[in-house]
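Hello,

Here is the structure I promised to hand over.

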Amino acid sequence: MIHNGQDALVVDPGDASPVLDALQRDGLRLSAILVTHHHADHIAGIAPLISQLKAAGLSHDCPIYGPAREQIPEVSHPVGEGDQFDALGLRWTVWDTPGHRAAHVAYLSDTQANTPWPAQLLLPGDTIFSGGCGRVYDGSLAALHQSLERIALLPPQTWVCPTHEYTVANLTFSKAVEPDNVQVDLALERCHAQRARGEPTLPTTIGLEHLINPFLRTRVSAVMASALVQGAADPSPQAVFNALRTWKNQFKA
Ligand SMILES: [Zn+2]
C-alpha cells in the first residue's frame with residue numbers, strides 16, 4: 001500500500017484483510033488498485049476487498065488497473081505499454097515487463113513536489129526483487145532479461161517496491177555468486193537486523209540493486225565467472241542471466 005495520509009492505492013492485493021485493516025486503522029480512502037499480473041497471490045484479495053468495502057458503506061469508484069493482455073475479471077481499466085493515469089497526485093506510466101509471466105506490467109510514477117515521495121516510484125510486481133528477480137512461469141528468460149535491463153536504466157534514486165519480501169534469501173544467493181562483494185555482506189547484515197525487528201527490507205532503490213543484485217550485474221567479471229562455472233554458454237549478459245536464473249531455481253542456502 002502507498003498512501004499520502006488521505007488516499008491510498010494498493011498493489012496486487014493477494015489478501016483483502018490486511019488492506020481493510022490498514023484502511024480502517026489509518027482512516028484512508030482506497031483510490032485505486034494496481035495489478036501487475038495474473039497469479040492468485042496477487043489478485044485473490046480484489047473481489048473480497050471490493051465487496052467488503054461495499055458492505056461497510058465505503059463503496060465508491062475505485063478503478064482497478066491491470067494488464068490488458070490477460071483475463072482478470074475484476075480489472076476495470078486494462079492497461080499496457082505507455083498508458084498513463086493519475087493516482088495519489090502522481091502520474092503513472094505503464095510498462096510491459098514480460099518474463100515472469102508473458103503478460104506482466106509495471107507502474108512507474110513521475111515526481112511531484114506536493115507528495116511525500118522524493119523520487120520516482122517503480123511498482124515492478126514479480127519482475128525484480130531486492131537482490132533477485134522473479135522466476136519464469138509462462139514468460140521467457142529472454143523477455144525477463146530485457147525487462148530487467150530496462151528497469152536497470154532508471155535513475156539510481158528511484159524507489160523500487162517489489163511485491164515479495166525475499167531479500168534475505170536472495171542475498172544469500174548473491175553471496176554465493178559473488179563471495180567477495182562487500183556490499184552484499186553489508187546489505188545482508190542490515191536486512192537480517194530489519195527482519196529481526198519485524199520490519200520490511202523494502203522498498204529498495206535502483207542504485208542499491210546495481211550493487212547487490214546479481215541479475216543486474218551480468219557484466220561484472222566475478223558474476224560472469226560464476227555463471228560460466230554454472231554452465232553459461234558464453235559470457236554475454238543474456239547467457240550469464242540464464243545461467244544465474246537456472247542456478248537460483250535449485251539453490252539451497
Ligand atoms: Zn507471480
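**Notes on the sheet**

Strand β9 (residues 121-123) runs antiparallel to β8, and two bridges join them. In that pairing, leucine 108 stands opposite leucine 122 of β9. Please keep in mind that this is a predicted model.

On the other pairing of β8, the partner is strand β7 (residues 90-96). The sense is again antiparallel, with five bridges between β7 and β8. Tryptophan 92 has serine 109 of β8 as its bridge partner.

Now β8 itself. How many of the residues of strand β8 are buried? Five of the five, counting residues 105-109, so the strand is largely enclosed by the rest of the structure. Buried here means under 20% relative accessible area. In a regular strand, side chains alternate between the two faces of the sheet. In β8, Val105, Tyr107 and Ser109 point one way. Ala106 and Leu108 point the other way. Residues on both sides are buried.

Last, the β13 end. Strand β12 (residues 159-160) and β13 run antiparallel and are joined by two bridges. There, valine 160 stands opposite threonine 204 of β13.

Best regards

Notes
Residues numbered from 1 in each chain as written. Predicted model: local features only at pLDDT ≥ 70, side-chain atom pairs only at ≥ 80, totals over all residues. Heavy atoms only, no water. Pairing = 2+ DSSP bridges. Helix = DSSP H or I, 4+ residues; strand = E, 2+ residues; numbered from the N terminus. Buried < 20%, exposed > 50% of the residue type's maximum accessible area, 1.4 Å probe, protein only.
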